[in-house]
Structures are given as structure tokens and as C-alpha cells.
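Student: I have a structure open and would like to learn how to read its features. Could you walk me through a few of them?

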Amino acid sequence: MEEEAAPLPEPSLFSSDDGEENSEPSSSEDGELRRQEEDEHSRRRGQRRSMCWSGCGRPKITCICPFLPSSPIPTSTHLIILHHPHELRANKLATLPALCRSLTRCHPVPGRRIRPGSSALLDFLSTSPSSPVLFLFPTFDSSKPALDLERWAADTPPDSRAEPILIVFDATWRHAKEMATASIPFLSRFAVQVQIGGGCDTRSEGPSTYESGLVLRKEPWKGCLSTIEAVARALRVLEPEGKGVEIEGMLLAILRAMVAFQVCHLKMVNPRPRLKKKEAVKMFSQTKPKSRNTKASIRLWVAHVLPGNQM
């Protein structure tokens with residue numbers, strides 16, 4: 001979100017030669033004032049548009065280069081990220097550039113699905129599997145849940161899970177679901193679907209930027225993770241000899257820095273009255289026993305919680 005413009009300088013008051021005060025400024029001084037205002041606006045626009053092209057690729061006022069490693073970190077895990085063609089162009093909060101600058105074995109693949117020809121490495125593994133291949137995406141069907149990543153690692157001998165391949169989908173949740181569904185016919189031949197923890201809970205809302213230091217924007221459901229956080233959690237499990245904990249901490253530090261910049265440029269929005277009423281009704285249903293005259297009881301409860309509110 002754009003930085004708020006500084007208040008414009010007020011026209012100066014001056015005394016004329018004949019002693020009259022508070023006279024109107026002359027046209028030449030008025031023109032000079034306008035030029036100063038335009039120069040100030042141009043300077044601030046230039047600051048906002050100045051980009052850190054040699055580093056993180058973000059605007060310089062939100063540069064995260066101090067939080068990136070001095071050189072990309074080598075990992076035993078090969079990370080393949082299928083990113084939607086619109087993600088980097090339309091999403092100013094994309095975390096993929098930070099991942100690519102932080103990890104050596106990070107391979108971004110543009111596209112809407114993984115199929116033969118998308119990746120030479122996956123094409124080879126689809127016919128001659130030599131390393132375990134995992135694709136990280138939660139299932140929304142409780143009858144067919146994906147494997148918990150930590151459970152998979154605990155049940156797989158170390159020799160059988162060395163040099164793993166991890167596939168991640170980078171897009172909005174709607175697009176990512178479409179991309180994962182379109183990729184399953186090819187990936188199901190040789191890859192295992194895994195998820196972090198219990199996956200997503202569509203019955204509960206996800207946290208917002210103000211509620212968590214790891215959320216760049218409002219998540220649709222509880223358990224939803226950004227691409228960089230999902231990769232950080234996964235590498236903590238997949239990397240050997242405790243190295244994953246160090247990598248997870250480094251990636252989460254980058255995410256926290258991005259969230260901190262985002263909070264500075266957001267404006268707090270007060271909840272709408274209708275949402276307040278909805279929350280009050282929800283509170284009533286959780287704390288008050290049911291009665292015959294439920295509607296009347298709700299009105300009284302909302303009036304008590306929200307004084308001055310009319311139902």
C-alpha cells in the first residue's frame with residue numbers, strides 16, 4: 001500500500017511595504033509554491049518506485065536484503081515450485097523471489113500444471129525413480145487426507161528419504177487448488193501427497209496480518225500457509241542433522257520482516273456494524289442456553305453487547 005503523502009506546505013503570510021498584513025501572495029510566489037509542491041510529490045513518487053533490482057527485487061523502502069543470507073544456502077532437498085503465470089506479476093506480496101535468493105536448490109517452474117515436459121528432473125524420476133518425490137498440498141476431503149509430512153519422515157528409513165524432491169504450488173488458494181488438481185494425474189504415478197500438520201480447516205477462518213507475524217494477507221481458512229512458510233516448515237522435517245531448524249528460522253525471519261513492512265503500510269479498518277452483530281449473535285449462541293423466545297433473547301443480548309445498536 002502506498003505511503004501517505006506528507007502534508008502540503010501552507011502559503012506563507014507576509015507584510016507588504018505599506019504595512020498591510022495577511023495580504024494574498026503574488027502570482028509569482030504562488031507559482032513558486034506550486035512548483036515546490038510538485039517537486040516534493042515527484043521526489044516521493046520516485047522514492048516509492050525506486051526498486052532494489054540488484055537484491056531482493058522489492059521497492060527500496062521495503063527492501064529485505066538485510067534479512068537474506070549472504071549466499072544461497074545449500075540443501076539436500078530439491079525444491080520445485082510451480083508458480084502461476086500471474087503470481088509474480090500481480091501479487092506484490094509474492095514470497096517466491098525471496099526463496100529463490102535464499103536456497104541453492106530452488107527451481108521455479110511457471111505454469112498452471114505439472115505435466116511431462118515441465119521439468120527434466122521430474123520427467124526422469126517419473127520413469128526411473130531414484131529419490132522420493134513429495135508434493136505439498138493439503139486435502140480438503142477429510143475422507144482422503146494427505147499424509148502428514150512428519151509421519152511420512154518418521155515411517156521412512158533415512159536412506160530411503162535422502163535427497164528428496166519437494167513440489168510446491170505458488171498461487172492464490174483458488175488457483176493453487178486448480179493447479180494441484182490438474183497436476184495429480186501426472187504426479188500420482190511417482191509422487192506422494194503430503195501436508196503440514198492437520199492441513200486446512202475450512203470450518204474456521206484463517207488469521208490476518210494483525211493477528212500473526214507470519215501472515216502477509218488474510219488467509220481463507222485455518223491452517224493455510226504462505227509459500228515461504230510452507231517450505232520452511234517442510235525443510236525443518238526433510239533436512240538431515242538438525243540443519244532444517246536453522247533453515248526454517250532463516251526463512252521465517254524473512255517472512256516476519258515482510259509482514260512488518262506490510263503492517264506499516266496497512267490502515268486499520270473498523271468492523272462493519274453488520275459484522276459486529278454477527279459476532280455478537282455467535283457469542284450469544286456459545287454462552288447462553290437456548291430458550292423458547294430465541295430471537296427476543298438475541299436482541300437483548302446484542303443490545304447489551306453493542307450499546308446504541310438497533311436490531
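**A buried glutamate, a strand and some rings**

Tutor: Gladly! Let's start with a polar contact: the side chains of Glu 239 and Ser 76 are joined by one of 3.0 Å. Keep in mind that this is a predicted model.

Student: Where in the chain is Glu 239 placed?

Tutor: Glu 239 lies in the loop between helix H7 (227-238) and helix H8 (243-264). Leaving aside residues up to four places away in sequence, Glu 239 touches Thr 75, Ser 76, Thr 77, Gly 244 and Ile 247.

Student: Is Glu 239 buried or exposed, and what is the nearest side chain of opposite charge?

Tutor: Glu 239 is buried, and the nearest side chain of opposite charge is Lys 243, 4.8 Å away. A salt bridge needs a nitrogen-to-oxygen distance within 4 Å, and Glu 239 has no salt bridge.

Student: Now for strands. How should I read the directions of their side chains?

Tutor: The general idea is that side chains in a regular strand alternate between the two faces of the sheet. In strand E3 (residues 133-136), Val 133 and Phe 135 point one way, while Leu 134 and Leu 136 point the other way. All four of these residues are buried.

Student: Which strands pair with E3?

Tutor: Strand E5 (residues 165-170) runs parallel to E3, joined to it by four bridges. Here Val 133 stands opposite Ile 165. E3 also pairs in the parallel sense with strand E6 (residues 192-195), over three bridges, and Leu 136 stands opposite Val 194 there.

Student: And how many aromatic pairs are found in the whole structure?

Tutor: Three. An aromatic pair is described by the distance of the ring centres and the angle of the planes. For Phe 137 and Trp 173 the centres are 6.0 Å apart and the planes are at 45 degrees, so this pair is tilted. The pair links distant parts of the chain, 36 residues apart: Phe 137 is in the loop between E3 and strand E4 (147-148), and Trp 173 is in helix H6 (residues 173-187).

Student: Why does Phe 137 count as buried?

Tutor: Because its relative accessibility is 7%, and buried means under 20%. Phe 137 also forms one aromatic cluster with Phe 169 and Trp 173.

Student: What kind of pair do Phe 186 and Phe 190 make?

Tutor: An edge-to-face one, because their planes are at 70 degrees, with ring centres 5.2 Å apart. Both Phe 186 and Phe 190 are buried.

Methods:
Residues are numbered from 1 along each chain as its sequence is written. This is a predicted model: local features need pLDDT of at least 70, side-chain atom pairs count only at pLDDT 80 or more; totals for chains, interfaces and linings use all residues. Side-chain values use heavy atoms; hydrogens and water are left out. Buried means under 20% relative accessible area, exposed over 50%, partly exposed in between (1.4 Å probe, protein chains only). Helices (H or I, at least four residues) and strands (E, at least two) are DSSP runs, numbered from the N terminus. Two strands pair if DSSP finds at least two bridges between them. Lys and Arg count as positive and Asp and Glu as negative; His and the chain ends are not counted. A polar contact is a pair of N or O atoms within 3.5 Å; within protein, one must be able to donate a hydrogen and the other to accept it, and residues adjacent in sequence count only if both atoms are side-chain atoms. Contact means heavy atoms within 4.5 Å. Rings of Phe, Tyr and Trp (its six-membered ring) pair if their centres lie within 6.5 Å; planes under 30 degrees apart count as stacked, over 60 as edge-to-face and the rest as tilted.
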